[in-house]
Amino acid sequence: MSVRSHAICERRTRIGRIARQMLRDHGRVRPADVVWVAVNAGMKTSPAEVRTVLCRLGLHR
């Protein structure tokens, strides 16, 4: 796996962790909230990437 692919995989893993924690804490997950938390944590992500991860986890349509 290339360095770039590894970084993408790690970023998606972190997004998933943030989303699952929000689901446990608040009972719901909104992509905008996940993006806000991720950006404030210093991650470079986009709303489209967050929506993709949430869809794969079954947390968003």
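Helices here are DSSP runs of H or I with at least four residues, strands are runs of E with at least two, and both are numbered from the N terminus. With that in hand, hello everyone, and let me place T45 for you: T45 sits in the loop between α2 and α3.

A quick word on what we are looking at. This is a predicted model, in which local features need pLDDT of at least 70 and side-chain atom pairs count only at pLDDT 80 or more, while totals for chains, interfaces and linings use all residues. Residues are numbered from 1 along each chain as its sequence is written, and side-chain values use heavy atoms, with hydrogens and water left out.

Let's start in the middle, with the nonpolar core. By that I mean a set of buried Ala, Val, Leu, Ile, Met, Phe, Trp, Tyr and Cys residues joined through side-chain atoms within 4.5 Å. Buried, in turn, is under 20% relative accessible area, exposed is over 50%, and partly exposed is in between, using a 1.4 Å probe and protein chains only. The largest such core has 12 residues: I15, I18, A19, M22, V29, V34, V35, A38, M43, V50, V53 and L54. Which of them gives the largest share? That is α1, with four residues.

Setting aside neighbours within four places in sequence, A38 is in contact (heavy atoms within 4.5 Å) with I18, M43 and T45.

Now, please turn to α3. Its buried residues are E49, V50, V53 and L54. In general, an α-helix has 3.6 residues a turn, so residues three or four places apart point the same way. What covers the buried residues of α3 includes α1 and α2.

E49 has a relative accessibility of 11%, so it counts as buried. Leaving out neighbours within four places in sequence, E49 contacts R11, R12, I15 and K44. Two of those contacts bring us to salt bridges, where a side-chain nitrogen of Lys or Arg is within 4 Å of a carboxyl oxygen of Asp or Glu.

How many salt bridges does the structure hold? There are three. In one of them, the side chains of E49 and R11 meet at 3.1 Å, N to O. Because E49 lies in helix α3 and R11 in helix α1, this pair ties together parts that are 38 residues apart in sequence. R11 itself is partly exposed, at 25% relative accessible area.

E49 also forms a salt bridge with R12, with the closest N and O atoms 3.7 Å apart. Here again R12 lies in α1 and E49 in α3, so the pair ties together parts that are 37 residues apart in sequence. R12 is partly exposed too, with a relative accessible area of 34%.

The remaining salt bridge joins D33 and R30, whose closest N and O atoms are 3.3 Å apart. D33 is partly exposed at 25% relative accessibility, and R30 is partly exposed with a relative accessible area of 42%. Through shared partners, R11, R12 and E49 are joined into one network.

That takes us back to T45, our loop residue between α2 and α3. Is T45 buried or exposed? Buried, with a relative accessible area of 18%. Its side chain makes a polar contact of 2.9 Å with that of E49. A polar contact is a pair of N or O atoms within 3.5 Å; within protein, one must be able to donate a hydrogen and the other to accept it, and residues adjacent in sequence count only if both atoms are side-chain atoms. Not counting residues up to four places away in sequence, T45 touches R11, I15, A38, V39 and V50.

Last, the cysteines. The structure holds zero disulfides, a disulfide being a pair of cysteine sulfur atoms within 2.5 Å. For C9, the nearest cysteine sulfur is that of C55, 18 Å away. C9 is partly exposed at 38% relative accessible area, and C55 is partly exposed at 35%.
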